[in-house]
Amino acid sequence: SSDLQFPRATKRLRSSAMAPVKFDDIAKTSNEVLNDDYQTSGYQFKAKQKTSWDGAVITSAVDLVPGKDCVTPAKLTWKFPKPLGFAALCIDKLEMDKSGGLKLEASSDKVYEGLKVECKSDCKDPAKIAAAFTYTGLADTQLKFDTKALNPADFTCEVTRAQGCATLGVKCTAATLTAPDLGLRLTQGPLFASLCVTGNFSTYAASCFYKVSDEVKCAANYTYGGKKNGSCAVGLTYALKAGTTLKAKVDQDQAVSCSVKHSLSKGFTLLGGVKYGKEMTYGLQCSIE
């Protein structure tokens, strides 16, 4: 295989494992309770298989009742950690979706210590090729810069920094340099809270989380201002036993969602859910890996 060696930074730089979360993940702790693992519509089969070809992984997601505009009921995703044995580059995603569209995502963290370079494309329009640079070489700090490869002025820049129990974040584009998005998250023992201010200081999104015990976790969020003004949700997660998790939440429309995730055996998981509001929907997902 071809392992290229690139310059390394000085030893005073902190490992990237110590970096804080990126700006969009400031509310992740509560969002995991409120948004993740709710299969409340559709029937899906997912399979993930690791091959012996340089660690390549293929994932297929099949909708059992596809829509009328579906080219193929399956979404196929490949990952090549070392394409053709070239360890300096990783193809994180090569995907064909149900409409026949393609996505390509590649990255390298071998250019410089603490620096990760990413590239994304829809394999169709060169103007949509995007590049991203994430630097985590500074202790407790993450710097990220995203831009369109053919239009560098169309960029997004963000900085997050962890300070004690707090993580602060700033995110801006060329149009919001004087009024950037701001974020704050606080973690203290079983308690978590976050606040994100976006849209030229017009939208405030708050969330909180409380770990009652190892089995029970609660979360809530609320948005004031902007297009989602008044949206909110309250939910909880309960680990019934090893391999079985129950989830429930209610949102501002008084729609109630419930979900059950159960591992039948190692690598074989069932996820089912129902949502009852203005109408009732339900879904089921089967995953094998």
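**Ground rules.** I number residues from 1 along each chain as its sequence is written, and side-chain values use heavy atoms, with hydrogens and water left out. In this predicted model, local features need pLDDT of at least 70 and side-chain atom pairs count only at pLDDT 80 or more, while totals for chains, interfaces and linings use all residues.

**Aromatic pairs.** I searched the whole structure and found three aromatic pairs. Rings of Phe, Tyr and Trp (its six-membered ring) pair if their centres lie within 6.5 Å; planes under 30 degrees apart are stacked, over 60 edge-to-face, and the rest tilted.

I looked at W53 and F80: their ring centres are 5.5 Å apart and the planes stand at 75°, so I noted the pair as edge-to-face. W53 sits in the loop between β1 (42-50) and β2 (57-63), and F80 is in strand β3 (residues 74-80), 27 residues apart. My helices (H or I, at least four residues) and strands (E, at least two) are DSSP runs, numbered from the N terminus.

Is W53 buried or exposed? W53 is exposed, at 51% relative accessible area, and F80 is buried at 16%. (Buried means under 20% relative accessible area, exposed over 50%, partly exposed in between, with a 1.4 Å probe and protein chains only.)

Next came Y204 and Y224, with centres 6.5 Å apart and planes at 45°, so this pair is tilted. Y204 belongs to strand β13 (residues 203-211) and Y224 to strand β14 (residues 216-224). I have Y204 as partly exposed at 33% and Y224 as exposed at 52%.

**Charge over a ring.** I found K249 over the face of Y38, at 4.6 Å from the ring centre. The test asks for NZ of Lys or CZ of Arg within 6 Å of the ring centre and within 35 degrees of the ring normal.

**Pockets.** On a 1 Å grid over the protein atoms alone, a pocket is an open set of points where a 1.4 Å probe fits, with protein on both sides within 12 Å along at least five of seven lines; lining residues have an atom within 4 Å of a point.

The largest pocket is lined by 30 residues, and N31, N221, T223, K228 and S231 lie nearest its centre. Which element gives the most to this lining? It is β13, with four residues.

The second largest pocket has 20 lining residues, with K116, E118, T134, T136 and Q142 nearest its centre.
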